[in-house]
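Biologist: I have a structure open and I'd like to learn how to read it. Can you walk me through it, feature by feature?

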Amino acid sequence: MTVPTYPVETIAPSPTPAAARAHLLHDASVEQYRRSIADGVDRVARRVATADRPGTGITPAELAPLVDRVDLDRPLGDTGAALDELEDVYLRDAVWFHHPRYLAHLNCPVAIPALLGEAVLTAVNSSLDTWDQSAGATLIERRLIDWTAARIGLGPDADGVFTSGGSQSNLQALLLAREEACVGAIGPAARAELLPRLRVLTSAAGHFSVQKSAKLLGLSPDAVIVVPTDSRRRIRSAAVSAEIARCREAGLVVMAVVATAGTTDFGSIDPLTELAAICGSAGVWLHVDAAYGCGLLVSPTRRHLLDGIERADSVTVDFHKSFFQPVSSSALLVRDRRALRHATYHADYLNPARMVEQRIPNQVDKSLQTTRRFDALKLWLTLRVMGPDALGALFDEVIDRAADAWQLVSEDPRFEVVTRSELSTVVFRYLPTGPGRELADAANLHAREALAASGLAVVAGTRVDGHHFLKFTLLNPATTVDDVDHVLELIAHHAGRYVHERTAADLTCHVG
């Protein structure tokens with residue numbers, strides 16, 4: 001790869017204060033703002049229009065020298081020159097989620113109204129912590145929280161707050177659950193005695209943020225109890241009930257059960273109605289991680305898959321997954337707004353307690369963050385331009401495509417497929433025949449790496465029952481069955497060639 005060079009004469013001299021101020025957005029710089037943003041948008045648009053594959057397959061070793069050689073202490077002094085440089089260090093090798101053969105992670109193509117919202121919110125730069133920094137932005141976020149809570153069915157006492165993503169939403173949910181479990185522990189000694197006994201039950205297919213949250217919350221190292229799943233990779237309700245009883249007999253306190261509405265690997269939805277009944281009877285906080293499956297809230301045909309979610313104590317939703325929003329756009333919802341008090345602290349310089357009595361809405365009273373972007377605007381504009389039914393139709397489309405992909409893989413004797421997803425993932429692996437079968441793990445790892453290096457497609461990988469598998473995650477309605485079939489042929493080619501070369505080499509060594 002040729003390393004670009006930039007002429008020394010483009011390096012700008014140290015600016016005067018007046019020249020530096022010219023780069024700030026204000027009444028005298030709006031034309032520069034328009035030109036700069038338009039130039040950046042044009043360059044991205046050209047890349048999107050001409051991308052013939054989801055990536056270039058560049059390696060860290062190849063790209064790092066280009067980034068490292070940029071001298072951040074010597075500005076280029078010109079927006080065009082900076083964007084030229086950006087082409088080399090970022091845009092040329094960006095991974096394009098809009099491409100129909102990007103089939104790896106929970107990354108979606110984004111709605112254009114949301115991109116408009118992104119441009120507006122970054123320019124105005126509201127901070128969603130206090131009313132005097134956000135005004136209408138606060139009310140828009142609150143209206144969207146109410147709308148989402150109504151879609152879930154949480155009832156009139158529900159509330160919530162936007163977050164940076166599903167991991168933060170899960171962390172805050174478990175914080176609230178921990179504090180609710182500690183309500184009866186009066187005094188430091190009682191609390192210190194209770195904390196090591198707190199337990200969280202979660203699925204073997206659940207998200208790793210549950211374990212990370214437990215550590216951040218200061219729970220014991222064995223606080224998270226992983227509950228086995230059934231053949232559909234859903235948490236076993238009977239096992240949850242038995243584990244709650246076992247913990248009680250052992251003097252332990254189950255502070256929360258974490259159900260998943262759309263596991264990352266399998267797209268499985270736990271039996272929410274059964275879990276809600278179990279948790280309701282046991283007095284245990286039920287959190288539903290619907291970061292992936294929240295798109296079902298607007299699905300015209302599949303909303304029933306979330307039945308029971310309305311009985312959760314808290315729910316995570318990631319609009320930047322199945323609502324086709326840019327990162328970041330997530331939220332935590334709670335059935336009883338009083339639970340959010342556990343995240344409330346008052347500072348005289350920001351949100352003094354008297355503001356509550358004056359009914360001044362400060363979102364920082366609910367959030368783990370202080371300064372926070374107005375990410376709700378992206379969803380607001382998307383709903384106002386497209387409407388929820390259009391978003392739901394898009395999510396339905398990718399689920400339908402995943403069903404087609406599952407059928408395609410399950411009928412191909414070269415592959416082994418795991419359970420059929422309720423959402424839009426397909427977990428499978430290339431399975432060699434004969435003596436090459438013992439090379440299955442290595443062959444699938446090789447196929448994924450070779451595919452990524454080519455840039456022709458991107459797929460994910462995971463482990464299932466101790467073995468390496470590949471994974472399609474479909475979130476692009478533009479992906480066709482032909483795209484899936486083409487990627488399967490590439491995988492079979494790379495994996496098959498690997499097995500052939502390895503077995504041939506082993507045979508040669510044996511004969512020799």
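Modeller: Happy to. Let's start with Arg35, which is exposed, with a relative accessible area of 57%. Keep in mind that this is a predicted model.

Biologist: Where does Arg35 sit?

Modeller: Arg35 belongs to helix H2, residues 30–50.

Biologist: Now helices. At what angle do H6 and H14 cross?

Modeller: Helix H6 (residues 136–152) and helix H14 (residues 376–385) cross at roughly 65 degrees, and their axes come within 9 Å. Angles of 65 to 115 degrees count as roughly perpendicular, so H6 is roughly perpendicular to H14. The crossing of H6 and H14 is left-handed.

Biologist: Which residues of H6 and H14 meet?

Modeller: On the H6 side you have Ile140, Glu141, Arg143, Leu144 and Trp147, and they meet Ala376, Leu379, Trp380 and Leu383 of H14. Sorted by class, this contact of H6 with H14 has seven nonpolar residues, two charged ones and no polar ones.

Biologist: How do H5 and H14 pack?

Modeller: Helix H5 (residues 112–124) and H14 pack at about 140 degrees, with axes 7 Å apart. Roughly antiparallel would need an angle over 145 degrees, so H5 and H14 are oblique to each other. Their crossing is right-handed.

Biologist: And what touches what between H5 and H14?

Modeller: Pro113, Ala114, Leu116, Gly117, Glu118, Val120 and Leu121 from H5 meet Leu377, Lys378, Leu381, Thr382 and Val385 from H14. The contact of H5 with H14 divides into eight nonpolar, two polar and two charged residues.

Biologist: What should I expect of nonpolar side chains in general?

Modeller: In soluble globular proteins they tend to be buried together. Here, the largest nonpolar core has 64 residues, and the members touching the most others are Val240, Ile244, Val257, Leu286, Val288, Val315 and Val317. The largest share of this core, seven residues, comes from H6.

Biologist: Pick one of those. What is Leu286 in contact with, leaving aside neighbours within four places in sequence?

Modeller: Leu286 is then in contact with Val257, Ala259, Leu275, Ala276, Cys279, Ala312, Asp313 and Ser314. There is also a second, separate core of 27 residues, with Ala443, Leu451, Ala492 and Ala495 among them.

Biologist: How about Arg233: what is its phi, and where is it found?

Modeller: Arg233 is not a glycine, but has a positive phi of about 65 degrees. Look for Arg233 in the loop between strand E4 (224–227) and helix H10 (237–249). Its relative accessible area is 17%, and buried means under 20%, so Arg233 counts as buried.

Terms used. Residues are numbered from 1 along each chain as its sequence is written. This is a predicted model: local features need pLDDT of at least 70, side-chain atom pairs count only at pLDDT 80 or more; totals for chains, interfaces and linings use all residues. Side-chain values use heavy atoms; hydrogens and water are left out. Axes are lines fitted to C-alpha atoms, for helices over the stretch in contact, and angles run from 0 to 180 degrees between N-to-C directions. Helices (H or I, at least four residues) and strands (E, at least two) are DSSP runs, numbered from the N terminus. Angles under 35 degrees count as roughly parallel, over 145 as roughly antiparallel, 65 to 115 as roughly perpendicular and the rest as oblique. A crossing is left-handed if the near helix is turned anticlockwise from the far one by less than a right angle, and right-handed if clockwise. Contact means heavy atoms within 4.5 Å. Ala, Val, Leu, Ile, Met, Phe, Trp, Tyr, Cys and Pro count as nonpolar, Asp, Glu, Lys and Arg as charged, and the others, Gly among them, as polar. A nonpolar core is a set of buried Ala, Val, Leu, Ile, Met, Phe, Trp, Tyr and Cys residues joined through side-chain atoms within 4.5 Å. Buried means under 20% relative accessible area, exposed over 50%, partly exposed in between (1.4 Å probe, protein chains only).
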